[in-house]
Amino acid sequence: MQQATPSPVSRNPESLIQAYLLVSLACERETDRDWLRKKFAMLHQSLKDSWAYQEIIQEGRQQEQRAALQEARQLLLKILEVRFPRLLLQAQKLLPKVEEKAALHNAILYISLSDSQDEVSKYLHNLGNNDQDAA
(Lines give C-alpha, C1' and ligand atoms only; values in the text may rest on other atoms or scores of the structure.)
Protein backbone atom coordinates (compact mmCIF):
# COMPACT_ATOMS: atom_id res chain seq x y z
CA MET A 1 0.00 0.00 0.00
CA GLN A 2 1.37 3.41 -0.96
CA GLN A 3 1.58 6.11 1.72
CA ALA A 4 -0.12 9.42 0.95
CA THR A 5 2.22 12.35 0.43
CA PRO A 6 1.45 15.28 2.73
CA SER A 7 0.05 18.29 0.95
CA PRO A 8 2.16 21.45 0.74
CA VAL A 9 -0.37 23.01 3.11
CA SER A 10 0.28 20.53 5.89
CA ARG A 11 4.05 20.76 5.40
CA ASN A 12 4.37 24.55 5.53
CA PRO A 13 1.23 26.46 6.60
CA GLU A 14 3.31 29.56 7.40
CA SER A 15 4.05 30.03 3.71
CA LEU A 16 0.29 30.15 3.09
CA ILE A 17 -0.11 33.02 5.51
CA GLN A 18 2.69 34.88 3.81
CA ALA A 19 1.19 34.18 0.40
CA TYR A 20 -2.26 35.28 1.56
CA LEU A 21 -0.92 38.54 2.95
CA LEU A 22 1.18 39.25 -0.14
CA VAL A 23 -1.59 38.43 -2.61
CA SER A 24 -3.99 40.58 -0.60
CA LEU A 25 -1.80 43.59 -1.39
CA ALA A 26 -2.51 43.08 -5.07
CA CYS A 27 -6.28 42.70 -4.66
CA GLU A 28 -7.68 46.17 -5.14
CA ARG A 29 -11.14 45.24 -6.43
CA GLU A 30 -13.75 43.66 -4.21
CA THR A 31 -14.23 40.81 -6.70
CA ASP A 32 -10.52 39.97 -6.41
CA ARG A 33 -10.78 40.06 -2.63
CA ASP A 34 -13.78 37.73 -2.73
CA TRP A 35 -11.86 35.30 -4.94
CA LEU A 36 -8.91 35.34 -2.56
CA ARG A 37 -11.14 34.83 0.48
CA LYS A 38 -12.81 31.82 -1.15
CA LYS A 39 -9.51 30.23 -2.13
CA PHE A 40 -8.04 30.59 1.32
CA ALA A 41 -11.22 29.63 3.17
CA MET A 42 -10.52 26.01 2.23
CA LEU A 43 -7.11 26.23 3.88
CA HIS A 44 -8.32 28.02 7.00
CA GLN A 45 -7.72 25.20 9.51
CA SER A 46 -4.14 24.71 8.33
CA LEU A 47 -3.58 28.43 8.67
CA LYS A 48 -5.11 28.54 12.14
CA ASP A 49 -2.73 25.86 13.37
CA SER A 50 0.41 27.65 12.23
CA TRP A 51 2.62 29.64 14.61
CA ALA A 52 2.59 32.68 12.31
CA TYR A 53 -1.21 32.85 12.35
CA GLN A 54 -1.19 32.55 16.13
CA GLU A 55 1.27 35.44 16.38
CA ILE A 56 -0.91 37.61 14.14
CA ILE A 57 -3.98 36.76 16.22
CA GLN A 58 -2.11 37.51 19.45
CA GLU A 59 -0.98 40.87 18.11
CA GLY A 60 -4.57 41.72 17.18
CA ARG A 61 -5.77 40.81 20.66
CA GLN A 62 -3.10 42.98 22.24
CA GLN A 63 -4.11 45.92 20.05
CA GLU A 64 -7.76 45.40 21.05
CA GLN A 65 -6.79 45.33 24.73
CA ARG A 66 -4.79 48.55 24.40
CA ALA A 67 -7.73 50.21 22.61
CA ALA A 68 -10.16 49.04 25.30
CA LEU A 69 -7.89 50.44 28.03
CA GLN A 70 -7.65 53.75 26.25
CA GLU A 71 -11.43 53.93 25.80
CA ALA A 72 -11.95 53.22 29.51
CA ARG A 73 -9.42 55.91 30.45
CA GLN A 74 -11.14 58.43 28.17
CA LEU A 75 -14.55 57.61 29.61
CA LEU A 76 -13.23 57.99 33.14
CA LEU A 77 -11.72 61.37 32.27
CA LYS A 78 -15.04 62.54 30.79
CA ILE A 79 -16.90 61.48 33.91
CA LEU A 80 -14.38 63.33 36.08
CA GLU A 81 -14.58 66.40 33.86
CA VAL A 82 -18.33 66.55 34.47
CA ARG A 83 -18.53 65.42 38.09
CA PHE A 84 -15.20 66.44 39.66
CA PRO A 85 -13.34 68.81 37.32
CA ARG A 86 -10.77 69.71 40.00
CA LEU A 87 -9.52 66.12 39.93
CA LEU A 88 -9.01 65.99 36.18
CA LEU A 89 -5.31 66.90 36.28
CA GLN A 90 -4.63 64.30 38.99
CA ALA A 91 -6.41 61.65 36.92
CA GLN A 92 -4.58 62.60 33.73
CA LYS A 93 -1.30 61.95 35.51
CA LEU A 94 -2.36 58.68 37.15
CA LEU A 95 -4.51 56.90 34.58
CA PRO A 96 -1.72 56.05 32.10
CA LYS A 97 -0.21 53.88 34.86
CA VAL A 98 -3.35 51.74 35.14
CA GLU A 99 -3.07 48.69 32.90
CA GLU A 100 -5.99 46.62 34.21
CA LYS A 101 -9.30 47.03 32.41
CA ALA A 102 -11.22 45.74 35.43
CA ALA A 103 -9.62 48.38 37.65
CA LEU A 104 -10.66 51.10 35.21
CA HIS A 105 -14.20 49.74 35.00
CA ASN A 106 -14.42 49.65 38.80
CA ALA A 107 -13.15 53.24 38.91
CA ILE A 108 -15.77 54.33 36.37
CA LEU A 109 -18.50 52.81 38.51
CA TYR A 110 -17.11 54.15 41.79
CA ILE A 111 -16.57 57.68 40.51
CA SER A 112 -19.94 57.75 38.77
CA LEU A 113 -21.69 56.92 42.03
CA SER A 114 -19.52 58.87 44.46
CA ASP A 115 -20.60 62.18 45.94
CA SER A 116 -17.36 63.06 47.69
CA GLN A 117 -14.51 64.73 45.85
CA ASP A 118 -12.14 63.81 48.68
CA GLU A 119 -13.06 60.13 48.46
CA VAL A 120 -12.61 60.16 44.69
CA SER A 121 -9.23 61.84 45.07
CA LYS A 122 -8.11 59.12 47.49
CA TYR A 123 -9.48 56.46 45.17
CA LEU A 124 -7.55 57.90 42.23
CA HIS A 125 -4.38 58.06 44.29
CA ASN A 126 -4.73 54.40 45.27
CA LEU A 127 -5.62 53.45 41.71
CA GLY A 128 -2.49 55.11 40.41
CA ASN A 129 -0.44 53.18 42.97
CA ASN A 130 -1.87 49.91 41.63
CA ASP A 131 -4.02 49.40 44.70
CA GLN A 132 -7.05 47.71 43.13
CA ASP A 133 -8.92 47.77 46.46
CA ALA A 134 -9.17 51.53 46.48
CA ALA A 135 -12.81 51.63 47.50
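Trainee: Which residues is L88 in contact with, leaving aside its neighbours within four places in sequence?
Mentor: L88 is in contact with L77, L80 and E81 once those neighbours are left aside. Keep in mind that this is a predicted model.

Trainee: Where is L88 found, and is L88 buried or exposed?
Mentor: L88 is found in helix 6. Its relative accessible area is 18%. Buried means under 20%, so L88 counts as buried.

Trainee: How far apart are L88 and S121 in space, C-alpha to C-alpha?
Mentor: L88 and S121 are 9.8 Å apart in space. In sequence they are 33 residues apart.

Trainee: Let me step back to the whole chain. How many helices and strands does the protein have?
Mentor: There are eight helices and zero strands. Along the sequence the pattern reads α-α-α-α-α-α-α-α. Of the 135 residues, 27% count as buried.

Trainee: What share of the contacts with a separation of 6 or more comes from residues 24 or more positions apart?
Mentor: Such residues account for 62% of those contacts.

Trainee: Next, helix packing. What describes two packed helices?
Mentor: Two things: the angle between their axes and the distance between the axes. Take helix 7 and helix 8. Their axes come within 11 Å and cross at roughly 175°. That makes helix 7 roughly antiparallel to helix 8.

Trainee: Which residues of helix 7 and helix 8 meet?
Mentor: Helix 7 brings A103, N106, A107, Y110 and I111. Helix 8 brings E119, V120, Y123, L124 and L127. By class, this contact has eight nonpolar, one polar and one charged residues.

Trainee: Then the rings. What describes a pair of aromatic rings?
Mentor: The distance of the centres and the angle of the planes. Here the count comes to two aromatic pairs. One of them is Y110 with Y123. The ring centres of Y110 and Y123 are 4.3 Å apart. Their planes are at 15°, so the pair is stacked.

Trainee: Which parts of the chain does the pair of Y110 and Y123 link?
Mentor: Distant parts: Y110 is in helix 7 and Y123 in helix 8, 13 residues apart.

Trainee: Y110 and Y123: buried, exposed or partly exposed?
Mentor: Y110 has 23% relative accessibility and counts as partly exposed. Y123, at 4%, counts as buried.

Trainee: Let me try E71. Where does E71 lie, and is E71 buried or exposed?
Mentor: E71 lies in helix 5. At 58% relative accessibility, E71 counts as exposed. Its C-alpha atom is separated by 9.8 Å from that of L104. Along the chain, E71 and L104 are 33 residues apart.

Trainee: Last one, H44. Which helix does H44 lie in?
Mentor: H44 lies in helix 4, residues 44-48. At 37% relative accessibility, H44 counts as partly exposed.

Trainee: What separates the C-alpha atoms of H44 and I17?
Mentor: They are separated by 9.7 Å, and the two residues are 27 residues apart along the chain.

Notes
Residues are numbered from 1 along each chain as its sequence is written. This is a predicted model: local features need pLDDT of at least 70, side-chain atom pairs count only at pLDDT 80 or more; totals for chains, interfaces and linings use all residues. Side-chain values use heavy atoms; hydrogens and water are left out. Axes are lines fitted to C-alpha atoms, for helices over the stretch in contact, and angles run from 0 to 180 degrees between N-to-C directions. Helices (H or I, at least four residues) and strands (E, at least two) are DSSP runs, numbered from the N terminus. Angles under 35 degrees count as roughly parallel, over 145 as roughly antiparallel, 65 to 115 as roughly perpendicular and the rest as oblique. Contact means heavy atoms within 4.5 Å. Ala, Val, Leu, Ile, Met, Phe, Trp, Tyr, Cys and Pro count as nonpolar, Asp, Glu, Lys and Arg as charged, and the others, Gly among them, as polar. Rings of Phe, Tyr and Trp (its six-membered ring) pair if their centres lie within 6.5 Å; planes under 30 degrees apart count as stacked, over 60 as edge-to-face and the rest as tilted. Buried means under 20% relative accessible area, exposed over 50%, partly exposed in between (1.4 Å probe, protein chains only).
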